[in-house]
Amino acid sequence: MTKSTQIYFLILAAIISAAVFFFFGGKPNMEELKKSVAPAASLYPEAKSVSDKLNFIDDASKNTHLSDVADDKWALLYFGYTSCPDVCPIDLSKINQASQLMENSDQLQVVFVSVDPDRDLGNLDNFAKAFNSSFKGLTAKQDELISISKALGVYHEVVQSQKTAQEDHSNHNHSHDDHADDSHKMVANEKPSSSKDAHYDVDHTSSYLLFNPELELVALLTNPHEPAPMAEALDKIIEALGQD
């Protein structure tokens, strides 16, 4: 091997070592990470600190901070409701499939957050665990739910189902107050009924929110939700941003 060839390999080895340190031992390249996880996930430019807004209640109406269920893991929050006719079961099934494909699933806690506490309280964990025994369920009182929604930029609004609207023409004019936070529309505080037997649907955000172990909002998993790309994106984010 000539001296010039030796020098070439030494330089190449130095470049590879620097790259390994940069991606695995040093500060991650955020632009490269953003590209590698798109379109399955959208990273925030900077992690958003919202820990003081993550105050929920469990099935027993006990005050529960997200940290109580996340237990120092990454947390993936999905907002929905137990009587959702199709979207919520499909989404939670896909999250379950993604978690089973992940290499770092033991570092992730999935949390189902109900946007319909009046009907769902008492059935949160049972509903979540029907999709995966490790999933957990939480909700919040209506005023707190509005605060959480505003902080996270999520949307949910009570709407009449087509069947209910056809059966009850007299109740079709409901007024909803719209609240804005940046470009996000906020939750409507009006409900057709507080009864658990009331028939209504809830429009809600379809993105999944990813928090790091410090409970900072890091990324959104966006449509189309396909298990394999989601699993790959979650693994990459956890591996890249989960370094000490």
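1. Helix α7 itself covers residues 142–152, and its buried residues are Q142, L145, I148, S149, A151 and L152. Here buried means under 20% relative accessible area, exposed over 50%, and partly exposed in between, with a 1.4 Å probe and protein chains only.

2. Basis of the note. The model is predicted, so local features need pLDDT of at least 70 and side-chain atom pairs count only at pLDDT 80 or more, whereas totals for chains, interfaces and linings use all residues. Residues are numbered from 1 along each chain as its sequence is written, and side-chain values use heavy atoms, with hydrogens and water left out.

3. Overall content. The chain holds nine helices and 12 strands; these are DSSP runs numbered from the N terminus, helices being H or I of at least four residues and strands E of at least two. Of the 244 residues in the chain, 41% are buried. Among contacts between residues at least 6 apart in sequence, 74% join residues at least 24 apart, where contact means heavy atoms within 4.5 Å.

4. The sheet. Six strands form an open sheet in the order β1-β12-β11-β4-β5-β6, and the pairing is mixed. Two strands pair if DSSP finds at least two bridges between them. The edges are taken by β1 (41–49) and β6 (136–138); each has a single partner strand, so one side of each is left without a neighbour in the sheet. On average, neighbouring strands of this sheet are turned by 25° against each other, direction ignored. Axes are lines fitted to C-alpha atoms, for helices over the stretch in contact, and angles run from 0 to 180 degrees between N-to-C directions.

5. Antiparallel pairings. β1 and β12 run antiparallel and are joined by five bridges, with K48 opposite L217 in β12. β11 and β12 also run antiparallel, through four bridges, and L217 in β12 is the bridge partner of F211. The hairpin of β11 and β12 has four residues between the strands, and L215 takes a positive phi near 60° there.

6. Seven bridges pair β4 with β5 in the parallel sense, and L76 stands opposite V110 in β5. Strand β5 (residues 108–114) also pairs with β6 in the parallel sense, over three bridges; in that pairing F112 stands opposite G137. Seven of the seven residues of β5 are buried, so the strand is largely enclosed by the rest of the structure. Both of its faces are covered, with L108, V110, F112 and S114 on one side and Q109, V111 and V113 on the other.

7. Helix α9. This helix (residues 227–241) lies across β1, β4 (74–80), β5, β11 (208–211) and β12 (216–221), and runs at about 155° to β12. Its 15 residues should span 21 Å at 1.5 Å a residue, and its end C-alpha atoms are 21 Å apart, which agrees; the expected span is 1.5 Å times one less than the number of residues. The buried residues of α9 include M230, L234, I237 and I238. An α-helix has 3.6 residues a turn, so residues three or four places apart point the same way.

8. Nonpolar core. A nonpolar core is a set of buried Ala, Val, Leu, Ile, Met, Phe, Trp, Tyr and Cys residues joined through side-chain atoms within 4.5 Å. The largest one has 57 residues, and L77 and L152 have the most contacts inside it. Helix α9 gives the most to this core, with seven residues. Leaving aside neighbours within four places in sequence, L152 is in contact with V50, L54, F79, L209, F211 and L217.

9. K94 is found in helix α4 (residues 87–101) and is partly exposed, with a relative accessible area of 22%. Apart from neighbours within four places in sequence, K94 is in contact with H225, E226, P227 and M230. K94 and M230 are 136 residues apart in sequence and 9.0 Å apart in space, C-alpha to C-alpha.

10. R119. This residue has its place in helix α5 (residues 117–120) and is buried, with a relative accessible area of 12%. The side chains of R119 and S83 are joined by a polar contact of 3.2 Å. A polar contact is a pair of N or O atoms within 3.5 Å; within protein, one must be able to donate a hydrogen and the other to accept it, and residues adjacent in sequence count only if both atoms are side-chain atoms.
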